[in-house]
Amino acid sequence: MSLASTASAKDQPSMLARLFARQELALLVCLILVLAFFSITVENFFSVRNMTNVLGQASLALTAGIGCAIVFISGEVDISIGSLLATIALPLIIIMNDTNSLLLGVGGALLFGLIIGMVNGYLVAYAGINSLIVTLGTMFIMRGGVYLYTGQRAIPDDASLDSFIALSDGRLFNIVPYSAVIAITLLAAFGYMMQHRPFGRQIYAVGGNQEVARLAGYDVRRVKFICFIISALLATVAGIILAARVGSAQHTAGLNFEFQVVAATVLGGVSLAGGIGSLTGMALGVLILQFLSNGLRGLGLPTEWQLVITGMIIIAAVAFDEAKRRRANGG
């Protein structure tokens, strides 16, 4: 073998390097390793009951994570989703208590979520205010408003509609929680949009390079405006499911939820710089963190240590993403 061919062989990436170059495949391997480890160390971890329970628990972050990932890919951020979960529960529960109608309650919640999404989107896309500042502001405004309105007391669901309760307790074929079915359906629909529809390609283009996207004829402001509306509406759906789960509108609902979603999104390979990532990666990030949390609880590890380990994983994921991007850019 010649020196040239030897050098060429050395330059070829290893099988492991090629594997981890594909983000979703690497995440899938990590998820399998998490499942395998806890299946050995935690009794009944891999039981059907526990698996489906974790899917139900993950459905909130998975649903809201779709919108969060879309906003991230467009080059912006949205950290108001946790407070939105608490806020939309107010019109939802109040309207249902007054009318005994799930349809009207859900309609009122979605309308409120739409308004919040439009406010966030307008301030970012058309007023030109930094998205972190805008959504940080609306996060505090909504949380403070909920505290003031409720007096820090829960507003119970007096209507107790069977269809509403089913969002929390119901299961498809008595196995898969309806909340997980909703999340998976939304994931499939928006995943198709992001990969195969023109608007999905516009989101990637805008997040990758706004100026190039503008020169290509894309309405950058319109794309970002719609992304914030999508994020708010999907967070609203998650809030409706959460309200059904707790049976009330609570001022503490969704507290720190935005950071859980952002953590899973970043772990899933969605770049904070925009233009990079996928909803599949985000979903795998959600599942990894959810199964990790479930397994650590099964081992009896205190919540504080769960937070520490989760934080370390997030930092490692971001560092890995940054190193991969620098390598790709020849840096």
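Buried means under 20% relative accessible area, exposed over 50%, and partly exposed in between, with a 1.4 Å probe and protein chains only. This is a predicted model, where local features need pLDDT of at least 70, side-chain atom pairs count only at pLDDT 80 or more, and totals for chains, interfaces and linings use all residues. Residues are numbered from 1 along each chain as its sequence is written, and side-chain values use heavy atoms, with hydrogens and water left out.

Q: Is phenylalanine 38 buried or exposed?
A: Its relative accessible area is 2%. The cut-off for burial is under 20%. Phenylalanine 38 is therefore buried.

Q: Are the rings of phenylalanine 38 and phenylalanine 45 stacked or tilted?
A: Rings of Phe, Tyr and Trp (its six-membered ring) pair if their centres lie within 6.5 Å; planes under 30 degrees apart count as stacked, over 60 as edge-to-face and the rest as tilted. The structure holds five aromatic pairs. In this one the centres are 5.6 Å apart and the planes stand at 45°, so the pair is tilted.

Q: How do the planes of tyrosine 122 and tyrosine 126 make their pair stacked, and what is the angle?
A: The two ring centres lie 5.8 Å apart. Stacked pairs have planes under 30 degrees apart. The pair is stacked because its planes are at 25°.

Q: Which helix holds both tyrosine 122 and tyrosine 126?
A: Helices (H or I, at least four residues) and strands (E, at least two) are DSSP runs, numbered from the N terminus. Being four residues apart, the two tyrosines are separated by about one helical turn. Tyrosine 122 is partly exposed at 48%, and tyrosine 126 is partly exposed at 35%. Their helix is α6, residues 102-126.

Q: Which residues form one aromatic cluster?
A: Phenylalanine 45 is buried, at 2% relative accessibility. It belongs to the cluster. The members are Phe37, Phe38, Phe45 and Phe291.

Q: How many residues are in the largest nonpolar core?
A: A nonpolar core is a set of buried Ala, Val, Leu, Ile, Met, Phe, Trp, Tyr and Cys residues joined through side-chain atoms within 4.5 Å. Among the members that touch the most others are Ile66 and Phe291. The count is 92.

Q: Where is asparagine 100?
A: Asparagine 100 is not a glycine, yet has a positive phi of about 55°. At 52% relative accessibility, asparagine 100 counts as exposed. Its place is the loop between α5 (81-99) and α6.
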